[in-house]
Amino acid sequence: MGTDAAATSKGRRVLRVLAALAVTAALTAAAGGDRVRDHPQGDGIALPAQASFVSGYEHAQVGAEYWVSGPLPDNGTARPLTVLRMRVLRVPDGLEVVRYGTATLRQTGGYLIGVTQGLAVGPARPFAVAPHGRAGAYVWVRVRVTGPVRGTLSGCRFWYRQGVVEYRQDVGCETVVRLGPPLRQA
């Protein structure tokens, strides 16, 4: 009988430890989110003049997916930086983000495209930007049209590293995607 009581007591301790670990994991995940609190506000990312323009596409079709380019970041500092990731802050009704990816300027022929369907965008990965230089790659957002789009895809949050410190920085970006007649394929 002593063995059964000891086993029951040990089983209860194990369950309490597991419950405490589960609660700790849940609280950590809930507090983490996009980890805004863990990253100091940065100001190292500068945007080229054309980034202030609104890009758009007015031929979207419900159910179709499109690649939307994020802004091409410049490094506004005298120290190299590495862009770790970017996320769109506001996704309007009628669009959903499917995934993020990275494409180089070589893949786009050196152009900022805006919105396209036929670009081969790779997985999202970090890329370096030289001091006072322009990035050779940028983040793309794959969106699916789920219905009439009410609003714009806007606000971009970058996470980047300079030295050993990781920063976050919100920058303006805006893309209009609207339903319209499909473009004819040549």
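Mentor: Let me start with contacts, meaning heavy atoms within 4.5 Å. Of those in the protein chain with a separation of 6 or more, 82% are between residues 24 or more positions apart. This is a predicted model, where local features need pLDDT of at least 70 and side-chain atom pairs count only at pLDDT 80 or more, while totals for chains, interfaces and linings use all residues. Residues are numbered from 1 along each chain as its sequence is written, and side-chain values use heavy atoms, leaving out hydrogens and water.

Trainee: How many helices and strands are there in the protein chain?
Mentor: One helix and twelve strands, as DSSP runs numbered from the N terminus (helices: H or I, at least four residues; strands: E, at least two). Along the sequence the pattern reads α-β-β-β-β-β-β-β-β-β-β-β-β.

Trainee: Why is Asn75 called buried?
Mentor: Buried means under 20% relative accessible area, exposed over 50%, and partly exposed in between (1.4 Å probe, protein chains only). Asn75 has a relative accessible area of 3%, so it is buried. Its place is in strand β4, residues 74-75. Leaving aside neighbours within four places in sequence, Asn75 is in contact with residues including Gly44, Leu81, Ala130 and Gln162.

Trainee: Why is Leu183 called partly exposed?
Mentor: Leu183 has 46% relative accessibility, so it counts as partly exposed. Leu183 lies in the segment after β12 (165-179). Not counting residues up to four places away in sequence, Leu183 touches Tyr57 and His59. Leu183 and His59 are 124 residues apart in sequence, with their C-alpha atoms 6.5 Å apart.

Trainee: What makes a set of residues a nonpolar core?
Mentor: The set must be of buried Ala, Val, Leu, Ile, Met, Phe, Trp, Tyr and Cys residues joined through side-chain atoms within 4.5 Å. The largest one here has 38 residues, and Tyr66 and Met86 have the most contacts inside it. Strands that each supply at least two residues of this core include β2 (55-60), β3 (65-69) and β5 (81-90). Its largest share, eight residues, comes from β10.

Trainee: Which residues does Met86 touch, not counting those up to four places away in sequence?
Mentor: Among them are Gly70, Tyr100, Val141 and Phe158.

Trainee: And how much of the protein chain is buried?
Mentor: Buried residues make up 38% of its 186 residues.
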